[in-house]
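Thank you all for making the time this morning. I would like to walk you through one model, a stretch at a time, and I will give the cut-off for each term as we reach it.

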Amino acid sequence: MIGERLADLRFTQRLTQKQLADKLGCSSFSISSWESNRTTPNDEMKIRICRLFGVSADYLLGIIRDPLPPQSALSHEEILHLPGFLTKEEADAVRSFAAYTIEQAKKREAGRN
C-alpha cells in the first residue's frame with residue numbers, strides 16, 4: 001500500500017523519482033524499490049514522506065482513504081474516519097448522510113436561537 005500511495009503522491013506533485021529522492025535525501029533506487037513494494041521505507045523516512053507531502057501516516061500506510069494532514073486543524077469531532085474497505089460509492093454515501101445529518105442539526109439549533 002505504501003508504494004501505491006507514494007507513487008500517487010509523487011505523480012500528483014509531478015516529481016520524478018530522482019527529484020523525490022533528492023528532497024528526501026535518499027537514492028532514486030530506494031524510491032523505485034518502495035513504489036514497487038520490493039522494500040519499505042524505515043519509520044524515519046515515512047515521517048519525512050508524510051511531512052513532505054503534508055499527509056498523515058494513516059494515509060500513507062493505507063489505513064484511511066483521505067490524505068489528512070498530520071495535524072489537522074479540525075477537531076476529532078469534525079473528522080469522519082472511514083474504513084479502507086468501503087468502495088468509493090459506499091464512502092460517498094456515508095459522507096452524504098453525515099452532511100445531511102449535520103445540516104439538519106444546524107437547522108434545529110438555529111431554530112432554538
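Asn37 is found in the loop between H3 and H4, where helices, like strands, are DSSP runs numbered from the N terminus, a helix (H or I) having at least four residues and a strand (E) at least two. Although Asn37 is not a glycine, it has a positive phi of about 60°. At 40% relative accessibility, Asn37 counts as partly exposed, since buried means under 20% relative accessible area, exposed means over 50%, and partly exposed is in between, with a 1.4 Å probe and protein chains only.

Before I go further, this is a predicted model, in which local features need pLDDT of at least 70 and side-chain atom pairs count only at pLDDT 80 or more, while totals for chains, interfaces and linings use all residues. Residues are numbered from 1 along each chain as its sequence is written, and side-chain values use heavy atoms, with hydrogens and water left out.

As for the overall layout, the secondary structure of the protein chain comes to 6 helices and 0 strands, and along the sequence this reads as α-α-α-α-α-α. Of the 113 residues in the protein chain, 27% are buried. Taking contacts, meaning heavy atoms within 4.5 Å, between residues at least 6 apart in sequence, 38% join residues at least 24 apart.

A second residue with a positive phi is Arg14, at about 55°, and Arg14 is not a glycine either. Arg14 lies in the loop between H1 and H2, just after H1, and it is exposed, with a relative accessible area of 76%.

That brings me to H1 itself. Which residues of H1 are buried? They are Ile2, Gly3, Arg5, Leu6, Ala7, Leu9 and Arg10, and what covers them includes H2, H3, helix H4 (43-53) and helix H5 (57-60). Thr12, which is also found in helix H1, counts as exposed at 61% relative accessibility. The C-alpha atoms of Thr12 and Phe53 are separated by 9.8 Å, with the two residues 41 apart along the chain.

Arg10 lies in helix H1 (residues 2-12), and with a relative accessible area of 7% it is buried. Leaving aside residues up to four places away in sequence, Arg10 touches Leu15, Thr16, Gln17, Leu20, Ile31, Glu35 and Phe53. Arg10 also lies over the face of Phe11, at 4.6 Å from the ring centre, where a charge sits over a ring if NZ of Lys or CZ of Arg is within 6 Å of the ring centre and within 35 degrees of the ring normal. In the case of Arg5, the charged end sits over the ring of Tyr59, 4.2 Å from its centre.

Now to the packing of helices. Two packed helices are described by the angle between their axes and the distance between the axes. Here axes are lines fitted to C-alpha atoms, for helices over the stretch in contact, and angles run from 0 to 180 degrees between N-to-C directions.

The axes of H1 and helix H3 (residues 28-35) come within 7 Å and cross at roughly 120°. H1 and H3 are therefore oblique to each other, because angles under 35 degrees count as roughly parallel, over 145 as roughly antiparallel, 65 to 115 as roughly perpendicular and the rest as oblique. On the H1 side the contact is made by Gly3, Glu4, Leu6, Ala7 and Arg10, and on the H3 side by Ile31, Trp34 and Glu35. By class, this contact of H1 with H3 has 4 nonpolar, 1 polar and 3 charged residues, where Ala, Val, Leu, Ile, Met, Phe, Trp, Tyr, Cys and Pro count as nonpolar, Asp, Glu, Lys and Arg as charged, and the others, Gly among them, as polar.

How are H2 and H3 oriented to each other? The axes of helix H2 (residues 17-24) and H3 come within 8 Å and cross at roughly 110°, and the two helices are therefore roughly perpendicular. Their contact involves Gln17, Lys18, Leu20, Ala21 and Leu24 of H2, together with Ser28, Ile31, Ser32, Trp34 and Glu35 of H3. By class, the contact of H2 with H3 has 5 nonpolar, 3 polar and 2 charged residues.
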